[in-house]
Amino acid sequence: MTPPEAPVDGTDHLGDMPPAASVCAPALSVLRKRSDFLRAARARRQGTPSMMVQARKRAPDEAEGIRVGFTCSKKVGNAVARNRAKRRLREAARAVLPDHGRDGWDYVLIGRAEVTAARPFDALLDDLRQALRKIHSPRK
């Protein structure tokens with residue numbers, strides 16, 4: 001089997017494709033310590049049909065960039081259902097947080113039973129954008 005021929009005009013046949021998502025967006029730091037999750041739980045929160053978003057502004061000397069954590073309780077389902085919901089939340093965070101999240105903030109995305117895994121992905125993205133708008137709007 002021979003490799004495909006290069007185009008005669010000298011361009012790469014993959015030139016029309018956008019770069020991979022990991023190249024376009026800055027990497028998000030992932031929360032791993034329980035204390036970070038607990039601090040976010042005591043801060044702002046906003047519910048949407050598909051998830052709960054908790055957010056807190058970190059102290060200036062604490063850490064750099066946007067940090068995000070993901071969790072699903074056993075109410076979401078067995079391990080397979082929880083992992084599916086968290087995978088969808090991770091992808092939504094990768095797509096939305098670089099544009100709508102704020103530097104110096106921690107976000108925790110919490111999956112909802114049956115809804116997070118079943119909701120259309122575009123609606124999941126819209127839910128996250130809406131939650132971030134409300135969290136970052138000036139308080140009254």
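Residues are numbered from 1 along each chain as its sequence is written. Because the model is predicted, local features need pLDDT of at least 70 and side-chain atom pairs count only at pLDDT 80 or more, while totals for chains, interfaces and linings use all residues, and side-chain values use heavy atoms, with hydrogens and water left out.

The protein chain holds five helices and five strands, taken as DSSP runs (H or I of at least four residues for helices, E of at least two for strands) and numbered from the N terminus. Along the sequence they follow the pattern α-β-α-β-β-β-α-β-α-α.

The five strands form an open sheet with mixed pairing, in the order β1-β4-β5-β3-β2, where two strands pair if DSSP finds at least two bridges between them. At the edges stand β1 (29-30) and β2 (44-47), each of which pairs on one side only. Within the sheet, β3 and β5 run antiparallel and are joined by seven bridges, and Gln 54 has Val 108 in β5 as its bridge partner. On this sheet packs α5, which touches β2, β3 and β5 and whose direction makes about 35° with that of β3; contact here means heavy atoms within 4.5 Å. Another helix, α3, lies across β3, β4 and β5 and runs at about 160° to β4, with axes fitted to C-alpha atoms, for helices over the stretch in contact, and angles from 0 to 180 degrees between N-to-C directions.

The largest nonpolar core has 23 residues, and Met 51, Val 68, Leu 97, Tyr 107, Leu 109 and Leu 128 are those with the most contacts inside it. At least two residues of this core come from each of β3 (51-57), β4 (67-71), α3 (79-100), β5 (105-111) and α5 (121-136). Such a core is a set of buried Ala, Val, Leu, Ile, Met, Phe, Trp, Tyr and Cys residues joined through side-chain atoms within 4.5 Å, and buried means under 20% relative accessible area, with a 1.4 Å probe and protein chains only. Beyond its neighbours within four places in sequence, Leu 109 is in contact with several residues, including Met 51, Val 68, Leu 89, Ala 93 and Leu 128.

The ring centres of Trp 105 and Tyr 107 lie 6.3 Å apart with planes at 15°, so the pair is stacked, given cut-offs of 6.5 Å between centres and under 30 degrees between planes. Trp 105 is buried at a relative accessible area of 7%, and Tyr 107 is buried at 0%.

Methods
Buried < 20%, exposed > 50% of the residue type's maximum accessible area, 1.4 Å probe, protein only. Phe/Tyr/Trp six-rings, centres within 6.5 Å; stacked < 30°, edge-to-face > 60°.
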